[in-house]
Amino acid sequence: MTLITNVSLRRILDSRGNPTVEADVLTESGGFGRAAAPSGASTGEYEAIELPPSEAIAAAREGAIPRLVGAVHAGNQREVDAALHAADGTDDFSEIGANSAVAISMAAAKAGADVLGAPLYQHLGGTFRGDSFPTPLGNVVGGGEHAKEATHIQEFLAAPVGAPSISEAVFANAAVHARVSELLDERDVPAAKGDEGAWAPPISDADAFEVVDQAVSDTADELGFEIKFGLDMAAAELYDAEADGYVYGDEVKSTDEQVEYVAEMVREYDLVYVEDPLDEDDYEGFADLTARVGEQTLICGDDLFVTNVERLQDGIDADAANSILIKPNQIGSLSDAFDAIELATENGYETVISHRSGETEDTTIAHLAVATDAGFIKTGTVQGERTAKLNELIRIADDAV
Ligand SMILES: O=C(O)[C@@H](CO)OP(=O)(O)O
Ligand SMILES: [Mg+2]
């Protein structure tokens, strides 16, 4: 029933206006799935390779599609992803492109779900999934690679940890986003928005901590449940080997100073989450920080682990972190992302399913988060390509998908 009978690929727009790969998968009994690859700006050095979309499409048409059509079942995700790996033949999808691979992988999952007549999260997670929802991490202030002339820290993320429901959590993040705007107005700070829809004010990181802290506590008071915040420091982008440290404008922090700074911010602002606080090669620095504050907060590896089980295993062995960011396009297939989630969960690591800064209306990650009981999902706060995922979570909770 789920035998794949056709795969088509095309270039579509992503949220930055760049081209990306969209895949359609059709099955023998009329099942249909469509998915698109997202794209990063602060990409990790060890991510699977995204090819220019036209090249990725041409390579997948030649190498992958003939191995799928008439040969592989969309309902068997391992079989689909094994065929993609066999067609590619490398460790990093550099032949067919991780963008073609992940689009096909996700579209096949949707086609499989369509044939079964089940929502995607149930197809991926099993019939008993769907009762536990991730806490959405909402980017409310940002800079780094996502907005020039704004904060050095890439993302300040609202975390409505006390929200009674996913819907209230999603609206809480939007309320924090709105409150940040008012507070910036009061300070006469003009703010454009960055790639993910977060405010991108030309203020210092210290001022951003104050504004977000205030916005979070005002909103929590108003809504009557606990809201905290966290960070994605994207520190690989701050790290400069020549300067031998982390560059914050005119200031350079040594690794020890960076660890001290982050530990201090965790204590001062009761941060619930810190992603990529150190360079993507610095397992030792990560371990040092985790030993100091890992009891109080999540130390999450994004560029450090790149959703890759080998890098995650190195991190587990080194006690480098206590959580992992999961981005299917970093590794190129849903099966590989599931393997990373499984290894993380077995080792007591929290999982955080994540969007990219360049996104489409695709909602696969919302289903992936519910399917795998992820503790968190990072998928922005406002802007259509972000609200697509947030609204899908609300629909899943409402049994309306
Ligand atoms: O660093 C990150 O976590 C992501 C998403 O917020 O950014 P990008 O997609 O640019 O890598
Ligand atoms: Mg990150």
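The model is predicted, so local features need pLDDT of at least 70 and side-chain atom pairs count only at pLDDT 80 or more, while totals for chains, interfaces and linings use all residues. Residues are numbered from 1 along each chain as written, chains are lettered from A and ligands numbered from 1 in the order written, and side-chain values use heavy atoms, with hydrogens and water left out.

**Domain**
- An unreviewed UniProt entry annotates residues 130–400 as "domain: Enolase C-terminal TIM barrel" (positions follow the numbering used here, feature names are shortened, and annotations may be inferred rather than shown by experiment).
- The end C-alpha atoms of that span sit 12 Å apart, and its make-up is 44% helix and 18% strand (DSSP runs numbered from the N terminus: helices are H or I with at least four residues, strands E with at least two).

**Magnesium site**
- Asp232 (OD), Glu275 (OE) and Asp302 (OD) coordinate the magnesium ion (ligand 2) at 2.0 to 2.2 Å (donors are N, O and S atoms within 2.8 Å of the metal, or 3.2 Å for Na, K and Ca; water is not among the atoms, so the site may look incomplete).
- Along the sequence, these donors follow the spacing D-x42-E-x26-D.
- Distant parts of the chain get linked here: Asp232 belongs to strand β8 (residues 228–232), while Asp302 is in the loop between β13 (298–301) and α11 (309–317), 70 residues apart.

**α6 with α7**
- Helix α6 (residues 166–186) and helix α7 (residues 205–223) have axes that come within 8 Å and cross at roughly 130 degrees (axes are lines fitted to C-alpha atoms, for helices over the stretch in contact; angles run from 0 to 180 degrees between N-to-C directions).
- α6 and α7 are therefore oblique to each other (under 35 degrees is roughly parallel, over 145 roughly antiparallel, 65 to 115 roughly perpendicular, the rest oblique).
- The contact (heavy atoms within 4.5 Å) includes Ala172, Val176 and Leu183 of α6 and Val211, Ala215 and Leu223 of α7.
- Its residues split into 10 nonpolar, two polar and two charged (Ala, Val, Leu, Ile, Met, Phe, Trp, Tyr, Cys and Pro are nonpolar; Asp, Glu, Lys and Arg charged; the others, Gly among them, polar).

**α6 with α15**
- α6 also packs with helix α15 (residues 384–397), at about 160 degrees with the axes 9 Å apart, which makes the two roughly antiparallel.
- Ile166, Ser167, Val170 and Phe171 of α6 meet Leu390, Leu393, Ile394 and Ala397 of α15.
- That contact has seven nonpolar residues, one polar and no charged ones.

**α11 with α13**
- The axes of α11 and helix α13 (residues 334–346) come within 9 Å and cross at roughly 15 degrees, so α11 is roughly parallel to α13.
- Val309, Leu312, Gln313 and Ile316 of α11 touch Asp339, Ala340, Leu343 and Ala344 of α13.
- By class, the α11 contact with α13 has six nonpolar residues, one polar and one charged.
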